[in-house]
Amino acid sequence: MPSFWRNMTAQERRSARTGYLALAPWAFGFLVFYAFPIVATFYFSLTQWTLVDPPVWVGLDNYTRMFTRDPLFLSSLKATLLFVALSLPLKLVLGLMLALLLNLKIAGMNFFRTVFFIPAVISGVAVSLMWIWFLQPDTGVVNTLLSYVGVQGPYWFWDRDWALPSVAIMSIWKVGGAAIIYLAGLQNIPAHLYEAAEIDGAGKWRRFWRITLPLLTPTLFFQLIIELIDAFKIFTEAFVITKGGPLKATYFFLYYFYEEAFRNFNMGYASALALFLLAVIMGCTVFVYRTSDRWVYYEN
Amino acid sequence: MKTDRQALGIQRQLRRSARRKRLLRISGHSIVYALMIFLAIVFMLPIFWMASTSLKLPQEIFAWPPEWVPSSPQWGNYAEAFGKYPLARYMLNSAILVIANIAGGLLSVPIIAYGFARFDFPFKSALFLLMLSTMMVPGHIKLIPLFWLYQKLGLIDTYAPLILPSYFGNPFFIFLMTQFIRTIPRDLDDAARIDGAGNWGILYRIIIPLSRPALTVVVVFTFVWVWNDFLEPIIFLRDWDSYPISVGLAFFQGRYSVEWHLFMGATLVSIVPILLLYFFAQKHLIGGLASIGVKG
């Protein structure tokens, strides 16, 4: 019997036993749905395995292949990074601007909040189908409107150079989700700070830079991490709209992983890909976290 | 007399400045309103275009210049879409998955959160931290081992892979619920204990009834996530008839790529449950999340 258990009173032990009992479902779930898969993925990534035959140990072969002679690995990584770089800053900045608008106290605001939030709750598939139609090169709304002002619209998802930016633009349509979280953050800022600043003669602009933004940095930080992880996992849109094309322009990393694993059944290599994506996501998260004490403001 | 006149002057001045302020405010407001209305129209255009297309005749959908509002709305398109694609079937499948997942969340999350919030035991904070860190694990990393496991257990092409995890507590919900239970005064527990309630009696008679806002978040979020999920169903399900609506829709598109009027109708129908849910839950949701959610 471990010493910490021996040193507890009978009542403490009873409380601990109930606590562990309550946690039991989570502990089981943790072992089956988190611990086992992560450990197993490590092992599988060192094997060649098609699901039919037992895995064959190949050491680091999957990783050397990935880093030295796999053009698809590089192109899908590049596409994903480009997508993250395009969509993430826009989503963070536009989300904040939208939240500031939605935080104004004017009549009918609930209606506007609903309007901007709706795209964020629609499924990726439905959004994709809607936008295929919305961005049709010939008869779509956007190109029709552009033609009214004499601009020949691009071929959007069907153009090698425009496909990826199109997916990014479409993802920004869902900015209302980020805005709602900012809004919650904005509403947590105590009103007396603004009143005090106003008495001291601080203008709107100054109040934004000196009060709103610093006090919103915890929300910004949270949002940055969530959106970062989310952006790296872009998949559904490419699967539904472009099938990774044209010419692999939207062949994102997770799409490559999906095809390797569940189309080609190269489970070993796909496991290595999955771990690499995990490493990239964790690396970015840790980096953001490390820099956070320099720009995130905590009241205490 | 004189002071009266002075007072009157001051009053007039005050009124004038108030009017100017109001005018400024109204003009400021109208700029804001104009901006908001413009943005709202832009945001709603894809949805409007979908609705408009869903009511057109097949020969109208590729017409140029496009008709913004169809001159003779074809409501029959919806009946045709339901007849042609197994839409009702797919929505029913999604509903089954949603209900099973919600039941799992409501059964497991309060118990686990109650354990974290109300009992002391060795390694509690370490376990809580471990639980929080699993929130950050991207789902794709688990797919291959779980696929292998489910195959061994003969569960591929059943709903088990899409339902089981919810019965062991989603870490985000556990976190939310734990934070919420911590705000419920312990005096209430003690009072119930004096009245003879045991640990589980307190959970079911005190904690759960008082946790409605947190449980609403569990229900609504589960609904939205399960209804919209795509990657897991395409991996774990094979049989077309068992597809949820999101997957079903994506696969029609591959098959019937020209019937955009039917398709847009089907897409619109597929988002109706989510929209209804949003309208019903909106108030509780924003309130509930703001109180527990991100405060830094």
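Modeller: Happy to! One definition before the close-up: helices are DSSP runs of H or I with at least four residues, and they are numbered from the N terminus. Please also keep in mind that this is a predicted model.

The part I would pick is the loop between α12 and α13 of chain A, where A:P246 is found. The helices on either side are α12 (236-242) and α13 (253-262), and A:L247 lies in the loop between them. A:K248 belongs to this loop of chain A too.

The peptide bond from A:G245 to A:P246 is cis, with an omega near -15°. A:L247 comes out as exposed because it has 11 other C-beta atoms within 10 Å, and the cut-off for that class is 12 or fewer. In sequence A:L247 is 160 residues from A:S87, while in space their C-alpha atoms are 21 Å apart. A:K248 has a phi near 65°, a positive value in a residue other than glycine. Its 19 C-beta neighbours inside 10 Å make A:K248 partly exposed, since a buried residue needs 20 or more. As background, most residues other than glycine have a negative phi, and most peptide bonds are trans.

A:F265 counts as partly exposed because it has 14 C-beta neighbours inside 10 Å.

Helix α8 itself covers residues 163-172 and is mostly covered, with seven of its ten residues buried. Those buried residues are A:A163, A:L164, A:S166, A:V167, A:A168, A:M170 and A:S171.

Among the buried ones are A:I180, A:I181, A:Y182 and A:L183, along with A:G176 and A:G185.

Stepping back to the whole chain, chain A has 14 helices and two strands. Buried residues make up 37% of its 300 residues. Its radius of gyration is 25 Å, whereas a compact globule of 300 residues would have one near 19 Å. The C-alpha trace of chain A spans about 65 × 65 × 35 Å along its principal axes. Of the contacts in chain A with a separation of 6 or more, 68% join residues 24 or more positions apart. Chain A is divided into domain 1 (3-44) and domain 2 (61-295), and their C-alpha centres lie 36 Å apart.

Chain A also has a partner. Contact with chain A involves 70 residues of chain B, which meet 72 residues of chain A. On the chain B side, at least two residues each come from several helices, including α1 (2-54), α3 (87-118), α10 (212-228) and α13 (260-292) of chain B. The most comes from α13(B), with 13 residues. By class, this side of chain B has 51 nonpolar, 16 polar and three charged residues.

Chain B is divided as well, into domain 1 (2-54) and domain 2 (81-292). The C-alpha centres of these two domains of chain B lie 43 Å apart. Between them, four residues of domain 1 of chain B are in contact with six residues of domain 2 of chain B. The domain 1 side of that contact has two nonpolar, two polar and no charged residues.

To return to where we began, the loop between α12 and α13 of chain A holds A:P246, whose peptide bond from A:G245 is cis, and the exposed A:L247.

Key
Residues are numbered from 1 along each chain as its sequence is written. Chains are lettered from A and ligands numbered from 1 in the order in which they are written. This is a predicted model: local features need pLDDT of at least 70, side-chain atom pairs count only at pLDDT 80 or more; totals for chains, interfaces and linings use all residues. Two residues are in contact if their C-beta atoms, placed from the backbone, lie within 7 Å. Ala, Val, Leu, Ile, Met, Phe, Trp, Tyr, Cys and Pro count as nonpolar, Asp, Glu, Lys and Arg as charged, and the others, Gly among them, as polar. Domain bounds come from an automatic or database domain assignment. The radius of gyration is taken over C-alpha atoms; the globule rule is 2.2 Å times the number of residues to the power 0.38.
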